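Welcome, and please keep your viewer open beside this text. We will go from stop to stop, selecting as we go.

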Amino acid sequence: MAPETLQPRTDSALPEQAMAPQPWRIRSVRPDVASNEVFSWTLYPEPGVEPGPLPTPGQFNMLYLFGVGEVPISVSAITADGGIVHTTRAVGSVTRTMQDLGPGAVVGLRGPFGTAWPVEQARGRDLVLVAGGIGLAPLRPVIHAALERRDDFGHMVICYGARSPGDMIFRDELEAWGARDDLDLRITVDRGTAAWRGDVGVVTQLVDRGGFDRRNTLAMTCGPEVMMRFAAAALERRGLKPGDIFVSMERNMRCAVGFCGHCQIGSQLVCRDGPVFPYPVMEPAFRIREL
């Protein structure tokens with residue numbers, strides 16, 4: 001089922017958290033790869049700030065560096081005391097500036113925005129998560145939620161692909177998840193090293209191994225769009241219905257409230273109607289080269 005089409009709202013109908021960046025302070029910074037190209041911030045609101053509702057898995061915030069610019073970043077965790085964790089790859093002018101900030105720095109935050117992963121819809125079903133690279137970050141809150149209520153879900157499979165062993169993020173959690181007997185963690189890399197003893201190849205080969213009930217499975221995938229397209233195809237080969245596959249589209253978002261049209265794909269605005277979509281909604285766009 002396609003997500004509900006929302007009507008554009010006037011500025012006065014939008015909450016303050018959606019339009020004006022609120023000051024949040026970086027409590028801690030964690031480098032997620034050795035090069036610090038990927039890093040995680042844990043943010044808390046400044047005194048006097050009335051934060052909006054806590055994000056749900058799959059939603060994103062707009063992070064603003066005063067005098068530099070603003071970028072959409074998915075939420076990768078919520079702490080027990082209400083802190084919000086964002087995991088970022090330094091790839092542009094704003095995120096490279098973010099890379100240089102440390103604990104104590106104050107940034108602007110708007111949000112949360114967007115649609116969420118269908119965690120409740122997955123209750124009572126097998127759950128398959130397919131992540132590529134930093135695409136594991138938006139799926140991480142789903143993993144946390146499912147493990148907190150492990151008995152609510154059936155067989156749980158996580159397929160994760162990275163460029164190399166050194167590019168894997170959340171390595172401590174990956175080790176902990178791999179040690180569990182109630183979770184099937186599968187990891188592959190594009191390029192192995194002399195010390196690597198795991199799989200080498202594309203992440204879709206992990207999906208092809210099955211290990212889940214095709215008649216009662218819900219799948220979520222996040223990563224490069226070409227990876228999501230092939231992951232969805234692999235899941236369909238395993239017998240999943242397209243409507244039981246969800247993808248996260250995270251690109252070209254500027255305003256986050258459906259005004260500027262910068263993130264439009266066909267009839268969908270990613271910031272407003274997504275970023276999480278049922279696969280059938282995005283499948284036609286995936287078939288258009290270089291869209």
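Start by selecting Glu283, which is partly exposed at 23% relative accessibility (buried means under 20% relative accessible area, exposed over 50%, partly exposed in between, with a 1.4 Å probe and protein chains only).

Before moving on, a word on what is on screen. This is a predicted model, in which local features need pLDDT of at least 70 and side-chain atom pairs count only at pLDDT 80 or more, while totals for chains, interfaces and linings use all residues. Residues are numbered from 1 along each chain as its sequence is written, and side-chain values use heavy atoms, with hydrogens and water left out.

**Colour by confidence**

Colour the chain by pLDDT, the predictor's confidence in each residue from 0 to 100. The mean is 92, and 93% of the residues reach 70 or more. Now select residues 1-12: pLDDT stays under 50 there, and the model has 18 contacts for this stretch beyond four places in sequence (contact means heavy atoms within 4.5 Å). Where pLDDT is low, the predicted coordinates should not be read in detail.

How many salt bridges does the structure hold? The total is 21. Select Arg25 and Glu46, whose closest N and O atoms are 2.7 Å apart. This pair links distant parts of the chain, 21 residues apart: Arg25 sits in strand 1 (residues 22-31), Glu46 in the loop between strand 2 (38-45) and strand 3 (60-65). Helices (H or I, at least four residues) and strands (E, at least two) are DSSP runs, numbered from the N terminus. Arg25 is partly exposed at 34%, whereas Glu46 is buried at 18%.

Next, pick Asp199 and Arg209, another salt bridge at 2.7 Å from N to O. Asp199 belongs to strand 10 (residues 199-200), and Arg209 to the loop between helix 5 (204-207) and strand 11 (217-222). Asp199 is partly exposed at 25%, and Arg209 is partly exposed at 44%. Then show Glu37, Arg89, Arg163 and Asp167 together to see a network of salt bridges.

Switch to cartoon and find the open sheet of 7 strands, with the order 10-9-8-7-11-12-15 and mixed pairing; two strands pair if DSSP finds at least two bridges between them. Which strands lie at the edges? They are strand 10 and strand 15 (276-278), each pairing on one side only. Strands 7 and 8 pair in the parallel sense over 6 bridges, and Leu129 stands opposite Ile158 in strand 8. Helix 4 (residues 171-178) packs on the sheet, touching strand 8 and strand 9 (184-189), and its direction makes about 135 degrees with that of strand 9. Such angles run from 0 to 180 degrees between N-to-C directions, the axes being lines fitted to C-alpha atoms, for helices over the stretch in contact.

Move along to strands 11 and 12, which pair in the parallel sense over 3 bridges; Ala219 stands opposite Ile245 in strand 12. From strand 12, Ile245 and Val247 point one way and Phe246 and Ser248 the other way, and all are buried. Helix 8 lies across strand 12 and strand 15, at about 90 degrees to strand 15.

**Into the core**

Select Val130, Leu235, Val247, Met249 and Met282: of the 38 residues in the largest nonpolar core, these touch the most other members. A nonpolar core is a set of buried Ala, Val, Leu, Ile, Met, Phe, Trp, Tyr and Cys residues joined through side-chain atoms within 4.5 Å. Helix 6 gives the largest share of this core, 6 residues. Apart from this core lies another, of 36 residues, including Trp117 and Val189.

**Backbone details to finish**

Zoom in on Gly111 and Pro112, joined by a cis peptide bond with omega of about 10 degrees; Pro112 lies in strand 6 (residues 106-113). Gly274 and Pro275 are also joined by a cis peptide bond, with omega of about 15 degrees. As a last stop, select Phe170, in the loop between strand 8 and helix 4. Its phi is near 55 degrees, a positive value in a residue other than glycine, and Phe170 is buried at 1%.

How values were computed. Salt bridge = Lys/Arg side-chain N within 4 Å of Asp/Glu carboxyl O.
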